[in-house]
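Hi there,

Here is the structure I promised to pass on. Have a look at it first, and then read on for what turned up.

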Amino acid sequence: MKRHYRWLFIALVIIVGAIVIVELIPDAEKTYGPVVRFWGAARRVGGSCLIVENEGTRFIVDCGALGEQGSGALPPRPDSLAFVIITHAHIDHVGLLAELFAAGFKGRVYCTPGTAELAPIMLAMMRGTTREKIPREAYDRALESFVPVPFGRTVSERGVSFRFFRAEHLLGAASIDMRLVSGADTVCLVVSGDIGAGNSILLPPAEKPGRADYVIMESTYGGVLRDTSRAAAAGHEAFADSIARVIRSGGDVLIPSFTLGRTQEAMAVIDMFIRNGTIPAGTEVYVDSPTARKITGVYRCLKGELSAWARSAYPGEALRFPELREVRSRTSLKVHGRTHRPAIFISSSGDLAHANSPRHLMKMYDDPGNLLCIIGWQPPGSPGGRLLAGESPVFVGHQEGKKFEQDWISPEIATRGFHSFSGHADATGLLEWLGAATGVQHVFLVHGEEKQSLALEQMIRAKLGLEVTVPRRGDGFVLTARKGAVAKSFPALAAGRSDSRAPTAGRSDSLSRTAVTPAGEVHEGAD
């Protein structure tokens with residue numbers, strides 16, 4: 001009996017001693033707190049997906065596609081996720097939602113009203129082109145799961161609260177101000193999403209972040225410094241002047257454009273310069289993408305979300321003006337075959353790789369009096385990129401009826417690129433946005449090719465004096481709100497594995513607790 005009590009006494013001493021030792025460990029060495037895992041868009045553009053765990057609740061921010069996805073594209077154990085938060089409707093942020101539901105996810109998808117209207121259009125397009133056919137019911141479940149949340153309204157669920165604030169990048173695009181309650185602490189985490197360049201005439205400007213312990217920020221053009229002397233106005237004026245010269249001389253203009261966001265901005269800018277007399281009045285503007293027409297319909301339905309200029313310029317239906325011709329492709333393509341007044345053709349795809357824009361090009365490329373306006377990012381090796389680089393001949397694939405044809409062309413058409421439509425802030429814009437945040441302990445840079453992210457990392461350290469990490473895919477960090485503490489990093493999970501179950505101290509995310517040196521060594525794409 002005495003021996004029994006002696007063992008109980010020893011056990012009690014051990015327990016009390018362990019508690020005392022834990023309490024004596026400096027706060028910076030404790031590894032308890034919210035966990036973030038960088039699963040997508042790490043040292044590359046696209047495939048955005050951030051895994052967050054707090055007090056046993058796992059959720060993700062974005063679930064984007066990126067080209068030919070591998071088996072490890074989805075986050076581990078989708079069936080354990082409580083909910084999803086989406087920043088905006090571009091495919092590289094929402095494209096894998098249906099796959100997520102097919103893999104067992106059953107929760108809600110929080111987004112802004114604009115994203116809730118646009119994402120179904122993009123997912124429908126994705127379903128028609130996806131590498132692996134996903135069951136229709138998975139798409140239906142994804143669409144039924146959207147929960148629209150207006151900008152500024154706070155959502156609270158399972159110890160997590162968040163609100164959306166405007167990012168300008170796209171109709172409905174948002175940054176996220178998040179509060180993660182962990183024990184007696186609350187960690188303030190801001191996720192930027194994609195930040196606009198301040199050049200949109202259709203959307204209100206991006207809002208700046210407030211207080212944040214940690215910021216996860218995009219870096220698509222983190223190493224780029226654009227001419228900001230007159231910003232978007234100068235670029236749009238150059239765009240309009242180039243079009244006007246060609247139209248007045250009798251030529252046609254082709255604007256290959258991405259259907260979501262870029263087409264609508266181009267329509268508005270052209271209308272604005274027709275109104276002020278730069279582009280001749282009566283110049284017909286043909287828009288022939290069915291998907292773009294649906295998206296423009298969303299802009300019209302959500303007119304209250306548009307900029308003050310747009311609401312004033314369109315007292316009736318938004319993006320409706322006398323010169324606009326929203327037509328089927330066969331109608332717009334027939335225009336080339338008849339005598340017509342000089343016209344503007346806005347057509348997808350934005351890189352001339354598919355859809356109707358290469359079909360227009362094939363009817364326009366041999367006339368030096370015509371103009372090709374490149375207003376979006378061009379993937380390396382794309383027809384648009386080669387044309388912009390002045391290559392000749394250029395290989396172009398185009399659908400003619402039921403037949404897909406491929407031709408080498410020697411382009412005579414004039415080609416010009418315009419950066420004034422870019423949907424992403426450059427290094428100056430990103431630094432200004434980040435500089436507005438207060439109390440920042442650490443910054444993580446995502447959604448940028450490695451060169452861009454590392455360049456921005458150096459600028460943030462030099463100009464803002466903040467600690468920065470450029471994580472690799474799978475890298476995990478424990479966050480803490482304690483002043484002076486730093487995020488604790490953990491080894492990257494194998495990127496191709498669908499599940500990783502390492503031993504943990506009561507966490508469902510299976511994070512190794514062996515601390516390592518932070519892995520931060522020194523669209524449609526980035527559009």
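Please keep in mind that this is a predicted model. To begin with charges and rings: the charged end of arginine 275 sits over the ring of tyrosine 314, 5.1 Å from the ring's centre. There is also arginine 473, which lies over the face of tryptophan 39 at 4.5 Å from the ring centre.

The structure holds 13 aromatic pairs. One of them joins phenylalanine 59 and phenylalanine 83, which are stacked, with 4.6 Å centre to centre and 15° between the planes. This pair links distant parts of the chain, as phenylalanine 59 is in strand β3 (residues 57-61) and phenylalanine 83 in strand β4 (residues 81-85), 24 residues apart. Phenylalanine 59 counts as buried because its relative accessibility is 0%, and phenylalanine 83, at 1%, counts as buried too. An edge-to-face pair is formed by phenylalanine 101 and phenylalanine 105, at 5.0 Å centre to centre and 70° between the planes. One aromatic cluster is made up of Phe59, Phe83, Tyr110, Phe162 and Phe164.

On to the nonpolar cores. The largest has 78 residues, and Phe239, Ile243, Ile255 and Ile270 touch the most other members. Apart from it lies another core of 28 residues, including Phe38 and Phe164.

Leaving aside residues up to four places away in sequence, threonine 291 touches Ile121, Met125 and Thr259.

Best wishes

How values were computed
Residues numbered from 1 in each chain as written. Predicted model: local features only at pLDDT ≥ 70, side-chain atom pairs only at ≥ 80, totals over all residues. Heavy atoms only, no water. Contact = heavy atoms within 4.5 Å. Core = buried A, V, L, I, M, F, W, Y, C linked by side-chain atoms within 4.5 Å. Buried < 20%, exposed > 50% of the residue type's maximum accessible area, 1.4 Å probe, protein only. Phe/Tyr/Trp six-rings, centres within 6.5 Å; stacked < 30°, edge-to-face > 60°. Helix = DSSP H or I, 4+ residues; strand = E, 2+ residues; numbered from the N terminus. Lys NZ or Arg CZ within 6 Å of the ring centre and 35° of its normal.
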